[in-house]
Amino acid sequence: MVSDASTMMTVAVLGGTGKEGSGLALRWAQAGYRVIIGSRDPAKAEASAAEMNATLGMPVVQGKGNADAAAAADVVVLTVPYGAHQGTLDTVKDAVQGKIVVDVTVPLLPPNVRTVYVPEEKAAALATQAFLGEGVQVVAAFENISASHLKKLDHAVDSDVLVCSDSAEAKEQVFHLVEAASMRPVDAGPLANAVAVEAMTAVLLYINKRYKVPGAGIRITGLD
């Protein structure tokens, strides 16, 4: 259940026309958040938003260019491929100052996406924090969630979401987003721990292929 305070927030999903971003955007819009789809192509974002509104049966999602979407939001969620990561950050750096940025990006190098790749910065989320500066609270989350589950809006996703950040306040805000998307948040420590969380995505992709499953996930045992 989303709190009244949370439903007043506007969430921009950059890369929201892709599978992961659009699935998260749909779930948050259904839960009562104001959602803006961001894209390099504003027309593509508007078309994607129109499709989501048709699915939801109400006009609650907007589409904008990435910079405009980030400027209009309280929380910005980055769901772009690794190859577009830095270019997107260049576009929105000024617009996200003073805000929470949730980085869903995973460093994957095609065609070897089932092999862990650790970039020079150690993690995409760490690179994001270094580039955006101390005026932005960066949170790493949702990296291990398969897009194949997200658009099944009447089902909870059978996977925990590991949340890493150096800001306790930002973590709490993202916990609300995780719960609104029908998943369980797990505090996974400081942003430096995103190195391990991001790397697990390649492992899960390997498991998907090896065992012929559509979207393996992570469940932390021993929690109440």
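**Salt bridges and backbone features**

Asp 160 is buried, with a relative accessible area of 1%. Buried here means under 20% relative accessible area, exposed means over 50%, and partly exposed lies in between (1.4 Å probe, protein chains only). The model is predicted: local features need pLDDT of at least 70, side-chain atom pairs count only at pLDDT 80 or more, and totals for chains, interfaces and linings use all residues. Residues are numbered from 1 along each chain as its sequence is written, and side-chain values use heavy atoms, with hydrogens and water left out.

The structure holds 4 salt bridges. A salt bridge is defined as a side-chain nitrogen of Lys or Arg within 4 Å of a carboxyl oxygen of Asp or Glu. Side chains of opposite charge can pair when their charged atoms come close.

One of these bridges joins the side chains of Asp 160 and Arg 219, at 2.5 Å from N to O. This pair links distant parts of the chain: Asp 160 sits in strand β7, Arg 219 in the segment after α9, and 59 residues separate them. Helices (H or I, at least four residues) and strands (E, at least two) are DSSP runs, numbered from the N terminus. Arg 219 is partly exposed, at 40% relative accessibility.

Arg 219 also forms a salt bridge with Asp 158, at 2.7 Å from N to O. Here too the pair links distant parts of the chain, 61 residues apart, with Asp 158 in the loop between α7 (147–150) and β7 (160–165). Asp 158 is exposed, with a relative accessible area of 63%.

A further salt bridge pairs Asp 187 with Lys 171, whose closest N and O atoms are 2.6 Å apart. Asp 187 belongs to strand β8 and Lys 171 to helix α8, distant parts of the chain 16 residues apart. Asp 187 is partly exposed at 46% relative accessibility, whereas Lys 171 is buried at 9%. Salt bridges that share partners join Asp 158, Asp 160, Arg 184 and Arg 219 into one network.

The backbone was also examined. The peptide bond from Pro 110 to Pro 111 is cis, with omega near 5 degrees. Pro 111 lies in the loop between β5 (100–103) and α6 (124–132).

Positive phi values occur at residues other than glycine. Ser 182 has phi near 65 degrees. This serine is placed in the loop between α8 (168–180) and β8 (184–187). Ser 182 is partly exposed, with a relative accessible area of 35%. Lys 212 has a positive phi of about 55 degrees. Lys 212 lies in the segment after α9 (194–211) and is exposed, with a relative accessible area of 74%.
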